[in-house]
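User: Can you walk me through this one? I'd like to know what we can read from it.

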Amino acid sequence: QCGKLLLVDLAGSERAQDCQSNNRERQVEGAEINQSLLGLKECVRALDQSKAQGGQGQHVPFRQSKLTMVLRDSFLANDKVKIVMLTCICPGMSSAHHTLNSLRYAERLKEKGH
């Protein structure tokens, strides 16, 4: 029997207003991070809808990002697959907005049953 372990650092959601003072390269990187997180969320949503329809007819947009293309096999594998999301948060008040966003994102994924 063979197993596979994928560890993926999703980085952090980069709010555009927080990145305005960054150089162009960092702004582009922040936009790419957000695009990957959105792609992941859309795939989870489509997979959830597909399960609700008995696995029929729902297109899953894995090609939206490199992240979702890498994770494709894990999402489509059988019931033995376990997907775990660890969320790193900072308890300080100065990070409260980022912490809430991270927890909300993790909760949305959790609600989808993955």
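Analyst: When I say contact, I mean heavy atoms within 4.5 Å. This is a predicted model, so local features need pLDDT of at least 70, side-chain atom pairs count only at pLDDT 80 or more, and totals for chains, interfaces and linings use all residues. Residues are numbered from 1 along each chain as its sequence is written, and side-chain values use heavy atoms, with hydrogens and water left out.

User: OK, what is Thr99 in contact with, leaving aside its neighbours within four places in sequence?

Analyst: Ile89 and Cys90. Thr99 itself lies in helix α4, residues 96-111 (helices are DSSP runs of H or I, at least four residues, numbered from the N terminus).

User: Is Thr99 buried or exposed?

Analyst: Buried, because its relative accessible area is 12%. The cut-offs are under 20% for buried, over 50% for exposed and partly exposed in between, with a 1.4 Å probe and protein chains only.

User: And Cys90, what does that count as?

Analyst: Partly exposed, at 38% relative accessibility. Cys88 is exposed, at 75%.

User: Which residues are buried in α2?

Analyst: Among them are Gly30, Ile33, Leu37 and Cys43.

User: What follows α2?

Analyst: Gly54, with a positive phi near 75°.

Conventions. Helix = DSSP H or I, 4+ residues; strand = E, 2+ residues; numbered from the N terminus.
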